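Biologist: I am new to this structure and would like each term tied to its cut-off. Please go through it with me.

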Amino acid sequence: MDTIRDVFHRYCASYESGDGAAVAAFLHPHHIYHPPGGAAAMSRTERIEDERFFFSAFSDIKMAIDLELAEADRLAARLIMQCTQTGTYQGIAA
């Protein structure tokens, strides 16, 4: 049986792949995303579209797990993400 860490590491790998469908498979149908900086919350559909937009502008995505704490079915992590901007994102050209 998979642990919460196993699932989290598969999620990170899917994110690094830039495959929006693979990332979306991890999102619960009632998923609500609260982006940093106080931006408006996003539904699952909005989050999938936002990730598609992100993946169209960035490649070579690498996620380093800086800190990971897990207990039972809960996990908190601090990630460091590095990628290459290859397209326009939020009005900023590559």
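Modeller: Start with Asp66 and Arg78, whose side chains meet in a salt bridge with 2.7 Å from N to O. Asp66 sits in strand β3 and Arg78 in strand β4, residues 74-85, so the pair links distant parts of the chain, twelve residues apart. The model is predicted: local features need pLDDT of at least 70 and side-chain atom pairs count only at pLDDT 80 or more, while totals for chains, interfaces and linings use all residues. Residues are numbered from 1 along each chain as its sequence is written, and side-chain values use heavy atoms, with hydrogens and water left out.

Biologist: Why is the contact of Asp66 and Arg78 called a salt bridge?

Modeller: The term asks for a side-chain nitrogen of Lys or Arg within 4 Å of a carboxyl oxygen of Asp or Glu. The N to O distance for Asp66 and Arg78 is 2.7 Å, so the pair meets the definition. Side chains of opposite charge can pair when their charged atoms come close.

Biologist: What makes Asp66 and Arg78 partly exposed?

Modeller: Buried means under 20% relative accessible area, exposed means over 50%, and partly exposed is in between (1.4 Å probe, protein chains only). Asp66 has 43% and Arg78 has 48%, so both values fall in the middle class.

Biologist: How many salt bridges does a search of the whole structure find?

Modeller: The search finds five. One of them joins Asp2 and Arg10, with the closest N and O atoms 2.9 Å apart. Asp2, at 45% relative accessibility, is partly exposed, and so is Arg10 at 40%.

Biologist: Which residue forms a salt bridge with Arg47, and what makes the two buried or exposed?

Modeller: Arg47 pairs with Glu51, and their closest N and O atoms are 2.8 Å apart. Arg47 has a relative accessible area of 8% and Glu51 has 6%; both are under 20%, so both count as buried. The two are four residues apart in helix α3, which means that about one helical turn separates them.

Biologist: How do you know what counts as a helix or a strand?

Modeller: Helices (H or I, at least four residues) and strands (E, at least two) are DSSP runs, numbered from the N terminus. By that rule the protein has three helices and four strands, in the order α-α-β-β-α-β-β along the sequence. The C-alpha trace spans about 45 × 25 × 25 Å along its principal axes.

Biologist: What makes a set of residues a nonpolar core?

Modeller: The members must be buried Ala, Val, Leu, Ile, Met, Phe, Trp, Tyr or Cys residues joined through side-chain atoms within 4.5 Å. The largest such core has twelve residues, among them Phe8, Cys12, Phe58 and Met63. Helices α1 (4-17) and α3 (44-57) and strand β3 (58-71) each supply at least two of its residues. The largest share, four residues, comes from α1. In soluble globular proteins, nonpolar side chains tend to be buried together.

Biologist: Which residues does Leu79 contact, and is Leu79 buried or partly exposed?

Modeller: Contact means heavy atoms within 4.5 Å. Leaving aside neighbours within four places in sequence, Leu79 contacts Phe8, Cys12, Met63, Ala64 and Ile65. Leu79 lies in strand β4 and has 34% relative accessibility, so the label is partly exposed.

Biologist: What is the phi of Asp60, and why is Asp60 called exposed?

Modeller: Phi of Asp60 is near 50 degrees, a positive value in a residue other than glycine. Asp60 lies in strand β3. The relative accessible area is 52%, over the 50% limit, so Asp60 is exposed.

Biologist: Where is Ala72, and what makes Ala72 exposed?

Modeller: Ala72 is in the loop between β3 and β4. The relative accessible area of Ala72 is 71%, which is over 50%, so the residue counts as exposed. Ala72 also has a positive phi, about 55 degrees, although it is not a glycine.

Biologist: How many residues does the protein have, and what share of them is buried?

Modeller: Of the 94 residues, 23% are buried.
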